[in-house]
Amino acid sequence: NRIAVFASGRGSNFQALVEAQRKGLLGAEIRLLVCDKPEAPVVELAKAADVDVFVFQPKAYASKEAYEREIAAELDRRDVDLLVLAGYMRLLSPSFVETYSGRIINIHPSLLPAFPGKDAIGQAVEYGVKMTGVTVHFVDGGMDTGPVIAQRAVEVREGDGASALAERIHEVEQRLYYRVVSWFAEGRVSLNGRHVTIADN
Ligand code: GRF
């Protein structure tokens with residue numbers, strides 16, 4: 001399997017995927033990082049890991065379709081078969097999602113459908129839930145609405161602020177995401193309407 005990672009920021013999930021690949025645990029090769037923020041730390045991580053980078057400035061394009069056409073060309077040139085969103089802070093257009101339907105996944109720091117959108121961890125703290133977590137899901141046309149592939153629960157401890165909770169959530173993300181990618185590589189993931197089945201190996 002060949003994957004592309006889409007990210008906009010720090011890149012801790014990207015880095016965890018790189019390390020899993022090095023250890024032979026990813027079952028896939030990271031062929032490309034797609035990033036919409038030239039200054040993002042994840043760009044340096046990709047260079048250090050010898051991963052090709054397509055970095056663009058959305059404002060330099062006339063439309064979302066225009067930059068997504070370039071992204072698609074970069075993906076196709078590398079025969080990428082799975083698009084792995086890891087903190088990519090933009091919605092993909094419906095036609096892009098349609099083109100790669102069933103081949104785009106995202107990781108979100110809550111137990112969806114609770115707390116979709118931005119700052120899910122802050123939302124959970126604010127709401128006062130006792131349990132939150134991490135969701136990996138297929139991407140559809142909505143914001144964090146696609147079929148759920150895997151979830152892990154994370155307890156909110158008394159006195160947890162957003163940053164203490166975030167740290168534990170990020171650890172769980174980093175242990176989960178490469179495993180999900182490896183399930184794809186092993187051909188174990190099937191999607192039936194909204195329902196995802198993971199075959200035993
Ligand atoms: C993660 O919490 C992920 O769930 C969310 O964005 C964050 C990205 O963090 N979608 P990082 O850039 O991987 O460190």
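1. Two residues are said to be in contact if their C-beta atoms, placed from the backbone, lie within 7 Å. This meaning applies to the points below, which concern a predicted model.

2. The residue Val55 belongs to strand β3, which covers residues 52-55. Leaving aside the neighbours within four places in sequence, Val55 is in contact with Cys35, Pro38 and Val43.

3. Is Val55 buried, exposed or partly exposed? Val55 is partly exposed because 15 other C-beta atoms lie within 10 Å, whereas a buried residue would need 20 or more and an exposed one 12 or fewer.

4. Val55 also illustrates how sequence and space can be considered together. Val55 and Ala7 stand 48 residues apart in sequence, and their C-alpha atoms are 9.9 Å apart in space.

5. Strands of a sheet pair through backbone hydrogen bonds, either parallel or antiparallel. In this model, 7 strands form an open sheet with mixed pairing, in the order β3-β2-β1-β4-β5-β6-β7. The edge strands are β3 and β7 (148-155), each of which pairs on one side only. From one strand to the next, the twist averages 20°.

6. How do strands β6 and β7 pair, and over how many bridges? Strand β6, residues 131-138, pairs with β7 in the antiparallel sense, over 7 bridges.

How values were computed. Residues are numbered from 1 along each chain as its sequence is written. This is a predicted model: local features need pLDDT of at least 70, side-chain atom pairs count only at pLDDT 80 or more; totals for chains, interfaces and linings use all residues. Helices (H or I, at least four residues) and strands (E, at least two) are DSSP runs, numbered from the N terminus. Two strands pair if DSSP finds at least two bridges between them. Axes are lines fitted to C-alpha atoms, for helices over the stretch in contact, and angles run from 0 to 180 degrees between N-to-C directions.
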